[in-house]
Each structure stands twice: as C-alpha cells, then as structure tokens.
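Q: I would like a close look at a single part of this structure. Please begin with the surface and then go on to the aromatic side chains.

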Amino acid sequence: RTLEACHLCLFDDGAAELRRNLPGFRIETGYACALSNLFRLSSGASRYEPRLFDEILPALHDDDNLVISVYIRTGRTDVMIEREIRARRGEVKEDDEGPSPEEEEVDFTIQASKMLKCVESVERRYLTGELDAGRDDPDHAFAGVVWMVLTDSAKLKEWATSEYDGAAVSTGGVRDVVTRRVLVTGARGVQT
C-alpha cells in the first residue's frame with residue numbers, strides 16, 4: 001500500500017465532500033472561517049443589552065484598559081429555575097404570594113467583598129508591573145481599569161457598581177492614578 005492509501009484507511013476525510021461541493025475549500029482555513037461566522041455577534045444582540053456595542057464592548061476591547069472579568073454566582077439562578085419548575089408542575093402559581101426570588105436572595109455582599117479584595121490585589125499587581133499583562137510594549141501604562149462583573153444577582157450588580165465604580169486606583173508608575181470602571185449587564189440571572 002502507498003502512504004496515501006494508508007492515510008485514507010486510518011483517517012476518514014470528512015472534508016472531501018466539502019472540497020467536491022465547494023471548489024476552493026481548504027480544510028486549513030475553511031473551518032476557522034465557518035466557526036468565525038457561526039460565533040459572530042449579531043447586531044440584534046443590542047435588543048438584550050442596549051449598551052453592548054456603544055459602551056461595553058468598546059471598553060473591553062480598548063488596549064489601553066486593564067480588563068478583568070469577575071464572575072460571582074450567588075445561586076439566585078437556581079432559586080428562579082426551581083420556582084419556574086414548581087409553577088409548571090402546578091405546585092405554585094407564578095403569581096403566588098410567596099417570597100419573590102429577590103426576597104429569597106441571600107445577602108452575598110460579604111462573600112463578594114472578599115472575592116473583590118482578591119480582584120483588587122490582582123489589579124494592583126498588573127498595574128504595578130508585578131504581573132506581566134502580555135502586552136507588546138510592557139512599558140506602556142494602562143490608562144484605565146475595567147471590571148466586567150457578571151453575576152446572577154441584580155442586587156449584587158448594584159452593590160458592586162456603587163462600591164467599586166469610579167475608584168481612583170494607584171499604578172505606582174508613570175500615571176500615578178487611573179480610574180476603575182465597573183460594567184454590568186442587564187442579564188437577570190436566568191441563563192441556565
């Protein structure tokens with residue numbers, strides 16, 4: 001057998017049909033192109049988050065910003081899903097007089113503040129150069145800091161924004177202080 005014949009025995013070339021039906025298709029680039037198109041963010045996404053294209057994404061993509069994503073899961077999603085399941089089973093009505101998910105929500109600010117102290121520590125280490133931010137020019141100072149806070153709790157979003165947004169953060173470098181922005185979305189925590 002030739003090497004090519006052995007290769008065909010050991011490897012099922014799923015792209016062969018694509019190459020026959022799509023002249024010029026190359027496996028090296030074709031799937032990357034398809035995945036890129038598959039995961040391209042639709043302009044319709046702004047229906048769900050109106051600030052997405054004019055505020056959130058520009059801040060996250062700005063190379064002058066140190067961007068830190070913070071995910072804080074409180075369990076509120078689980079409460080809301082369980083309530084919806086009970087309503088579907090007829091165990092409770094959706095407009096039941098029982099406590100709302102907001103009322104059932106535990107105050108998570110104590111745990112979150114501990115987590116955000118760690119985030120502040122990481123932020124400081126990047127701003128002072130103790131941690132390498134992987135920038136092409138390591139001497140280029142950050143002009144600002146952005147925290148993208150993702151959580152299933154509306155209360156926690158409000159709290160994190162009121163406590164941490166707009167803070168002056170020391171850089172220990174050329175710019176003595178930069179401002180931190182805390183961004184949140186309007187997601188309600190029912191994504192799962």
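Which residues form a negative surface patch?

A: The model is a predicted one. In it, Asp62, Asp63, Asp64, Asp136, Asp137 and Asp139 form a negative surface patch. One of these residues, Asp62, sits in the loop between α4 (52-61) and β1 (65-72). Asp62 has a relative accessibility of 33% and therefore counts as partly exposed; the band for that class runs between the buried limit, under 20%, and the exposed limit, over 50%. Patch members must have over 30% relative accessible area and no salt bridge, and the 33% of Asp62 is the value to set against that cut-off.

The aromatic side chains come next. Two aromatic pairs are found when the whole structure is searched. Trp147 and Tyr164 make up a tilted pair, with ring centres 5.3 Å apart and 35° between the planes. This pair links distant parts of the chain, since Trp147 belongs to strand β2 (residues 144-151) and Tyr164 to helix α8 (residues 154-164), 17 residues apart. Trp147 and Tyr164 are each buried. Tyr164 also pairs with Trp159, here edge-to-face, at 5.7 Å centre to centre and with 75° between the planes. Trp159 is buried, as is Tyr164. Through these ring pairs, Trp147, Trp159 and Tyr164 are linked into a cluster. Tyr164 takes part in the tilted pair with Trp147 and in the edge-to-face pair with Trp159.

Key: Residues are numbered from 1 along each chain as its sequence is written. This is a predicted model: local features need pLDDT of at least 70, side-chain atom pairs count only at pLDDT 80 or more; totals for chains, interfaces and linings use all residues. Side-chain values use heavy atoms; hydrogens and water are left out. Patches are made of residues with over 30% relative accessible area and no salt bridge: like charges are joined within 9 Å, nonpolar side chains (Val, Leu, Ile, Met, Phe, Trp, Tyr) within 5 Å. Accessible areas come from the Shrake-Rupley method with a 1.4 Å probe; for residues, only the protein chains shown count as cover. A salt bridge is a side-chain nitrogen of Lys or Arg within 4 Å of a carboxyl oxygen of Asp or Glu. Lys and Arg count as positive and Asp and Glu as negative; His and the chain ends are not counted. The place of a charge is taken as NZ of Lys, CZ of Arg, CG of Asp or CD of Glu. Helices (H or I, at least four residues) and strands (E, at least two) are DSSP runs, numbered from the N terminus. Buried means under 20% relative accessible area, exposed over 50%, partly exposed in between (1.4 Å probe, protein chains only). Rings of Phe, Tyr and Trp (its six-membered ring) pair if their centres lie within 6.5 Å; planes under 30 degrees apart count as stacked, over 60 as edge-to-face and the rest as tilted.
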